[in-house]
Amino acid sequence: MDTDIKRGTRKGRPNYTIDFKRRLAMAACEPAISVSKLALAHQVNANMVFKWRRQYRAGLFGAEPAFLPVALVTATKPASPAAPSPQVVACEGSIEIRIADAVVRVHGAVDAKMLRIVLQSLRS
C-alpha cells in the first residue's frame with residue numbers, strides 16, 4: 001500500500017488522501033490487526049490511524065461497498081420433557097446483523113420475505 005501524500009499548507013504536515021485514509025482505516029478494523037504495527041508499516045502515527053478508524057466507522061470517508069459480513073449461528077434448544085407431536089413442528093430461527101456498533105436482531109419465523117423486509121428497512 002503506497003502512501004499518497006500531498007504537500008500540506010503548514011510545513012511538515014502532510015495531507016493524506018481520503019482513499020489512503022479509508023484503506024488504512026479498513027485494515028485497522030480487521031480482527032487480530034495491530035493498529036500500532038499497521039501505522040509503523042505505513043510510517044504514520046498510530047493515533048492518526050485510530051482517529052481515521054473512528055471516522056471510517058462513523059461513515060465520514062464516503063460510500064463503501066454494500067456487502068457486510070454475516071455470521072450464521074446455529075442455536076440449539078434444550079430438550080423439553082413433553083415432545084410435540086410429529087404433526088406440529090415449529091420452525092423458528094433468528095438473524096443477527098452487526099453494522100459498526102449497531103446490532104439488528106430478528107427472532108421467530110425467519111423466511112426470505114422477512115429477511116427482505118429487514119434488509120429494505122436498513123437501506124432507508
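Tutor: Start with the packing: the axes of α1 and α3 lie 8 Å apart, at an angle of about 90°. That makes α1 roughly perpendicular to α3, a label for angles of 65 to 115 degrees. Axes here are lines fitted to C-alpha atoms, for helices over the stretch in contact, and angles run from 0 to 180 degrees between N-to-C directions.

Who touches whom? From α1 come F20, K21, R22, L24, A25, M26, A28 and C29, and from α3 come V49, W52, R53, Y56 and R57. Contact means heavy atoms within 4.5 Å. The residues of this contact divide into nine nonpolar, no polar and four charged. Ala, Val, Leu, Ile, Met, Phe, Trp, Tyr, Cys and Pro count as nonpolar, Asp, Glu, Lys and Arg as charged, and the others, Gly among them, as polar.

A word on the source. This is a predicted model, where local features need pLDDT of at least 70, side-chain atom pairs count only at pLDDT 80 or more, and totals for chains, interfaces and linings use all residues. Residues are numbered from 1 along each chain as its sequence is written, and side-chain values use heavy atoms, with hydrogens and water left out.

Now the loops. Helices are DSSP runs (H or I, at least four residues), numbered from the N terminus. Between α1 (18–29) and α2 (35–41), a loop holds A32. Phi of A32 is positive, near 65°. A32 is exposed, at 86% relative accessible area; exposed means over 50% (1.4 Å probe, protein chains only). Q43 sits in the loop between α2 and α3 (46–57). Its phi is about 55°, also positive, and Q43 is not a glycine. Q43 is exposed too, at 72%.

Terms used: Helices (H or I, at least four residues) and strands (E, at least two) are DSSP runs, numbered from the N terminus. Buried means under 20% relative accessible area, exposed over 50%, partly exposed in between (1.4 Å probe, protein chains only). Angles under 35 degrees count as roughly parallel, over 145 as roughly antiparallel, 65 to 115 as roughly perpendicular and the rest as oblique.
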